[in-house]
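Subject: Structure handover

Hello,

Here is the structure you are taking over. My notes on what was found in it follow below.

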Amino acid sequence: MRKIIKTDYLSRVEGEGGIYVEIKDSKIVKLQLNIFEAPRFFESFLVGRHYNDAPDFTARICGICPVAYLMSSVHAIEKIFDAKIDEPIRQLRRLFYASEWLSSHALHVYLLHGPDFYGIESAWADKNYIEIAKRGLAFKNLGNRITSVIGGRSIHPVSVKVGSFYMAPDKKDLTGFLPELEKAFEDSLAGIKWASSLRFNVSETEMEFVSLSHQCEYPMNEGKVISNKGIDLSMERFLDAVQEYQVSYSTSLHSGIKMGKTLSPYLTGPVARVNLNHDRLPEEILEVIKESGVKLPIKNLQMSIIARSIEISYAIYELLRTIKNYEKPEKPYAEFELRSGKAVWITEAPRGMLIHAYDLDEKGCIKKCTIIPPTSQNLFHIERSVYEFVQSNIAKPADYLKSECEKIIRSYDPCISCSTHVVRV
């Protein structure tokens, strides 16, 4: 018996990729998540450039989560310069990041992933789903507008510099969002209940969840790296524990945690964050999680739509909190002295941990740069999940397996364009 499961172009994902699975005599003999989008070599063409170029250049890696690239970049370089960031600027950065979480998660939950649970090909394919899609569009629009106020524009913001911001918004420019955010928070709690009511076909599986953890807050910009299987490392040590590797059928590098002479897949992103940090969520959200019957930890990747819905609520909660407490800083950036050095920083992009590492010379020019996007870290795990699902359902029709494989991949919210910025030759 020979069976082929093939999708040339995955739909409702960001970027270009496909899936190929070959089955012989009830066993998988070949499985490839083919990423064929052209590589963009960001790490290479940053070499020799001044450190000020790094934030704006790396932000162009992604049009959906440029704030994440800005933040990982500036934090890493500020660490080299030992820049001291005041609390008002730190809170403004958190507000900035929350606005991106809101817009990115809303896009995925309501327009990319949600249609899978209704058996439709797009958010516009069924009139009964359009009202659900409208809620997502309202969330996304709100997040984009707040990003624009802080960053100058919602796509590839231009306000960020090493040291913090070129300029900070006036409080009145932000407080005007409060009534809309109050309503959005109530809608987002309803969104958690809606996501929890969906039907999930894939069974639970054991996996290693990896995310940042902060002692006082739900992680975004700061913290150490932890996992449910014993990882408890600084950012620098975690980068040492990860190995990137290339496969012949993909323009994206894969990543795994070093386990002796082997590599182990791990999951980063909303499911990992919620599972490892739910005790940092506000009581209002925890109560709705309990009322919705959500049992933590989440071990079914199709239920990532619940984790993202939880983080939509949290992002709005943080926007409300930070705007109410916001005071425009007297100076929106920190002073520092130029020095050579190396540093690693990790922030939590909507899709998971985003790793930046820089090596600067005494003139502040980049000698070496390493960027590991969330999708590159998750690709090994995605292939493992697809393998386990197909092998456990091997006798089912190819069309069914093809459809379910696509759903599994979409549940990770892969940002394929982010992952293709370098190829080793």
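What span should the 19 residues of helix H12 have, and how far apart are its end C-alpha atoms? At 1.5 Å a residue, H12 (residues 374-392) should span 27 Å, and the distance between its end C-alpha atoms is 27 Å, so the two agree. Please keep in mind that this is a predicted model. H12 also has a kink of about 35 degrees, centred on phenylalanine 380. The helix is mostly covered, with 14 of its 19 residues buried.

Searching the whole structure gives four cavities of 30 Å³ or more. The largest cavity has a volume of about 50 Å³. Its lining is made up of Leu267, Thr268, Gly269, Pro270, Val271, Leu301, Ser304, Arg308, Arg351, Asn378, Ser411 and Tyr412. Two helices, H9 (270-277) and H11 (304-325), each supply at least two residues of that lining. By class, the lining of the largest cavity holds five nonpolar, five polar and two charged residues.

The second largest cavity has a volume of about 50 Å³. Cys65, Tyr69, Ala349, Arg351, Leu354, Pro374, Cys415 and Cys418 line the second largest cavity. Its lining divides into seven nonpolar residues, no polar ones and one charged.

The largest pocket holds about 500 Å³ of space. It is lined by 23 residues, of which Leu239, Ala357, Lys368, Cys369 and Thr370 are the closest to its centre. The elements that give two or more residues to this lining are helix H1 (42-45), helix H8 (235-241), strand S9 (242-245), strand S12 (341-349), strand S13 (352-360) and strand S14 (366-372). S14 gives the largest share, four residues. The lining of the largest pocket divides into 11 nonpolar, three polar and nine charged residues.

Backbone points

Most residues other than glycine have a negative phi, and most peptide bonds are trans. The places listed here depart from that pattern.

- Arginine 12 has a positive phi, near 55 degrees, and is not a glycine. It sits in the loop between strand S1 (2-7) and S2. Its relative accessibility is 15%, and buried means under 20%, so arginine 12 counts as buried.
- Histidine 156 is not a glycine either, and its phi is positive at about 55 degrees. It is found in the loop between H5 and strand S4 (160-161). Histidine 156 has a relative accessible area of 17% and is buried.
- The peptide bond from leucine 296 to proline 297 is cis, with omega near 5 degrees. Proline 297 is in the loop between helix H10 (283-291) and H11.

Single residues

Valine 294 also lies in the loop between H10 and H11. Is valine 294 buried or exposed? With a relative accessible area of 12%, valine 294 is buried. Leaving aside residues up to four places away in sequence, valine 294 touches Ser196, Ile289 and Ile306. Valine 294 and isoleucine 306 are 12 residues apart in sequence, and their C-alpha atoms are 8.4 Å apart in space.

Glutamate 22 lies in strand S2 (residues 17-24). Why does glutamate 22 count as buried? Its relative accessibility is 10%, and the limit for buried is under 20%, so it falls in that class. Not counting residues up to four places away in sequence, glutamate 22 touches Arg2, Lys3, Ile4, Lys27, Ile28, Val29 and Lys30.

Leucine 137 is placed in helix H5 (residues 127-151). It is partly exposed, with a relative accessible area of 35%. Apart from residues up to four places away in sequence, leucine 137 touches Leu111 and Trp124. From leucine 137 to lysine 171 there are 34 residues in sequence and 25 Å in space, C-alpha to C-alpha.

Regards

Key: Residues are numbered from 1 along each chain as its sequence is written. This is a predicted model: local features need pLDDT of at least 70, side-chain atom pairs count only at pLDDT 80 or more; totals for chains, interfaces and linings use all residues. Side-chain values use heavy atoms; hydrogens and water are left out. The expected span of a helix is 1.5 Å times one less than its number of residues. The bend at a residue is the angle between axes fitted to the seven residues ending there and the seven starting there. Buried means under 20% relative accessible area, exposed over 50%, partly exposed in between (1.4 Å probe, protein chains only). Contact means heavy atoms within 4.5 Å. On a 1 Å grid over the protein atoms alone, a cavity is a set of points where a 1.4 Å probe fits but cannot get out, and a pocket is an open set with protein on both sides within 12 Å along at least five of seven lines; lining residues have an atom within 4 Å of a point. Grid points are joined across faces, edges and corners, and a volume is the space filled by probe spheres set on the points. Ala, Val, Leu, Ile, Met, Phe, Trp, Tyr, Cys and Pro count as nonpolar, Asp, Glu, Lys and Arg as charged, and the others, Gly among them, as polar.
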